[in-house]
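Hi there,

Here is the structure I promised to pass on to you. Have a look at it first, and my notes follow below.

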Amino acid sequence: MKRDQVFEFFRRLAEANPSPTTELNSGNPYQLLVAVVLSAQATDASVNIATKPLFVHIKTPRQMVDFGEQRLRDAIKTIGLFNTKAKNVIALSQALIEHYHDEIPRTREELQRLPGVGRKTANVVLNTAFGEETFAVDTHVFRVCNRTGLAPGKTVDAVEAKLEKVVPQPFRRDAHHWLILHGRYTCKARLPECWRCPVVDLCRYRPKTPPPEERAKSSAARSASRGKSAARIAKGRIASTRSAGRSRSRPNRLP
């Protein structure tokens, strides 16, 4: 995608959604960090359901450690990998108490030293909590960048590096939110909704997915065609069977 196309790509996404943000609910940077750690291989909606009652009482690392790993496991057991995640959340909370006086570090390197925190999690926290221009590449961002041709790459690190190079101002701070939301609700994995995509003409994905009504007509036409073919085949088989029956019923002539 060319530079002017990249600018137009984000301009349109920004016009459609001027103030994008994470869909994970939190009340402070610590709660955001916990929520992002819990969201690995889980939906934001499922994490929000689990953390809603939890975050009413737990707002600091000290409160989380006092809450305890067993009670945390019970509180998040509806989320995938809850045993490992509970262990990591307690461990990272202890690390924040011991090394950062309950504060969230503001560098990627320090964040990634915390248990359960990878590069994507660190980027989300830096961007959402502190306004840093980072690009968190999850499955949605990876798909959109490759499918559209915006920032193609074989790995998440390659896609992130490409985004660093191509995303212009004033879109850098919110770019990954636009890409996540676009991938979650429009450029879906199984069936991208090209008919309502604001950047459809800039995207290299082919063939474009037609609107539901066109797909319904096409499906009906295919079904009708298959029905006619099946009827012709069945008719041919009946005719062949009758012909074979007549041949068998003729008596052999004596010489």
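**The pocket and its surroundings**

By class, the lining of the largest pocket is made up of eight nonpolar, nine polar and five charged residues. Please keep in mind that this is a predicted model.

The volume of this largest pocket is about 380 Å³. It is lined by 22 residues, and those closest to its centre are Ser 39, Asp 44, Lys 120, Asp 138 and Arg 184. Two or more lining residues come from each of α8 (119-130), α9 (139-148) and α11 (175-185). Which element gives the most to the lining? That is α11, with five residues.

**How α9 and α11 meet**

Two of these helices also pack against each other. The axes of α9 and α11 come within 8 Å and cross at roughly 85°. Angles of 65 to 115 degrees count as roughly perpendicular, so that is how α9 and α11 lie to each other. On the α9 side, the contact is formed by His 140, Val 141, Arg 143, Val 144 and Cys 145. They meet His 176, Leu 179, Ile 180, His 182, Gly 183 and Arg 184 in α11. By class, this contact has five nonpolar, four polar and two charged residues.

**One more residue**

Leaving aside neighbours within four places in sequence, Glu 193 is in contact with Tyr 185, Thr 186 and Lys 188.

Key:
Residues are numbered from 1 along each chain as its sequence is written. This is a predicted model: local features need pLDDT of at least 70, side-chain atom pairs count only at pLDDT 80 or more; totals for chains, interfaces and linings use all residues. Side-chain values use heavy atoms; hydrogens and water are left out. On a 1 Å grid over the protein atoms alone, a cavity is a set of points where a 1.4 Å probe fits but cannot get out, and a pocket is an open set with protein on both sides within 12 Å along at least five of seven lines; lining residues have an atom within 4 Å of a point. Grid points are joined across faces, edges and corners, and a volume is the space filled by probe spheres set on the points. Helices (H or I, at least four residues) and strands (E, at least two) are DSSP runs, numbered from the N terminus. Ala, Val, Leu, Ile, Met, Phe, Trp, Tyr, Cys and Pro count as nonpolar, Asp, Glu, Lys and Arg as charged, and the others, Gly among them, as polar. Contact means heavy atoms within 4.5 Å. Axes are lines fitted to C-alpha atoms, for helices over the stretch in contact, and angles run from 0 to 180 degrees between N-to-C directions. Angles under 35 degrees count as roughly parallel, over 145 as roughly antiparallel, 65 to 115 as roughly perpendicular and the rest as oblique.
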